[in-house]
Amino acid sequence: MSSIPVLQLLCIFSVIPLVTCNSDVTKETLSSLQQQVQKLQTAFQHQNEYIKELKDDAREQKENFEKRIKYLEDANNNMKDHCQIQCRGQQKRVSDANAGIGFSASLSTSTALGDHQIIVFDTVVSNDGNGYDSRHGHFTAPVTGLYAFSVTAMCYGSETELHISIVKDGQKIGVAFANGNHYDNGSKLVVVPLQEGQMVWVEHFGDPSGNKIYGNTYSTFSGFLIQAY
Ligand SMILES: *[C@@H]1O[C@H](CO)[C@@H](O)[C@H](O)[C@H]1NC(C)=O
């Protein structure tokens, strides 16, 4: 009989401190856990903010890259257009030059020639590119390139000989000869490179006495651009 209250007491004395002890531990644990949760929440919040910052940065960088790419594409297109215009201009200049330079002129009046007298072929048959000057007998190269020049001179009068030369800026580049006894024809073709502005003409050289060149379109001077450089 007496064992029951003893047991009860034992039980009470053993449970109470256990419960109180346990209750303390639980409180401490709880508050520590709360603190930890608080810390974690704060850390989580910081991380969220950091992620948001990173996202914003990434978006900004993407926008910057897109802008930069657009700018470079535009610049590239502009450059392409510019090059095409320049190329077309250059092609046009070369084709214009090649299409449009050439002349032919003949001598209208028979004449006696002095030494180093320039022969002025005064009747213009053609003069594309306006290189030939029919008042002075000069051809002036409108563009730099390779040119061809041809001269034919008919000589007349017994006992006469006709020496003529094609001259480039004072330097003989071709010589022709004709004997006057039989209305002889002297001729020469030369191919010569010219810088823009260089001149070519035909002149008589040698004995000035009675060297006669026949006009009436029998004597001619022609030239043309083969290829612009
Ligand atoms: C020179 O050429 C002309 C034609 O341009 C001709 O009438 C003349 O007979 C030629 N002279 C000689 C010697 O062949």
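At 29% relative accessibility, Asp-56 counts as partly exposed in this predicted model. Its salt-bridge partner is Lys-52, and the closest N and O atoms of the pair are 3.4 Å apart. Lys-52 itself is exposed, with a relative accessible area of 52%.

How many salt bridges does a search of the whole structure find? The search gives four. Another of these joins Glu-66 to Lys-62, where the closest N and O atoms are 3.7 Å apart. Glu-66 and Lys-62 are again four residues apart in helix α1, a separation of about one helical turn. In this pair Lys-62 is exposed, at 54% relative accessible area, whereas Glu-66 is partly exposed, at 44%.

Further along helix α1 comes the pair of Lys-70 and Asp-74, also four residues apart and about one turn of the helix from each other. Their salt bridge has its closest N and O atoms 3.1 Å apart. Here Lys-70 counts as partly exposed, with a relative accessibility of 47%, and so does Asp-74, with 36%.

Attention can now turn to the ligand. Which residues are found around the ligand? They are Met-154, His-182, Tyr-183, Asp-184, Asn-185 and Tyr-218. Taken on its own, the ligand has 360 Å² of accessible area, and the protein covers 45% of it. A polar backbone atom of Tyr-183 lies 2.7 Å from a nitrogen atom of the ligand. In the case of Asn-185, an N or O atom of the side chain is 2.4 Å from an oxygen atom of the ligand.

The surface also has a nonpolar patch, formed by Val-191, Phe-224 and Ile-226. Together these three residues have about 270 Å² of accessible area. One of them, Val-191, can be found in strand β9, which spans residues 185-194.

Technical notes: Residues are numbered from 1 along each chain as its sequence is written. This is a predicted model: local features need pLDDT of at least 70, side-chain atom pairs count only at pLDDT 80 or more; totals for chains, interfaces and linings use all residues. Side-chain values use heavy atoms; hydrogens and water are left out. Patches are made of residues with over 30% relative accessible area and no salt bridge: like charges are joined within 9 Å, nonpolar side chains (Val, Leu, Ile, Met, Phe, Trp, Tyr) within 5 Å. Accessible areas come from the Shrake-Rupley method with a 1.4 Å probe; for residues, only the protein chains shown count as cover. A salt bridge is a side-chain nitrogen of Lys or Arg within 4 Å of a carboxyl oxygen of Asp or Glu. Helices (H or I, at least four residues) and strands (E, at least two) are DSSP runs, numbered from the N terminus. A residue is near a molecule or strand if one of its heavy atoms lies within 4 Å of it. A polar contact is a pair of N or O atoms within 3.5 Å; within protein, one must be able to donate a hydrogen and the other to accept it, and residues adjacent in sequence count only if both atoms are side-chain atoms. Buried means under 20% relative accessible area, exposed over 50%, partly exposed in between (1.4 Å probe, protein chains only).
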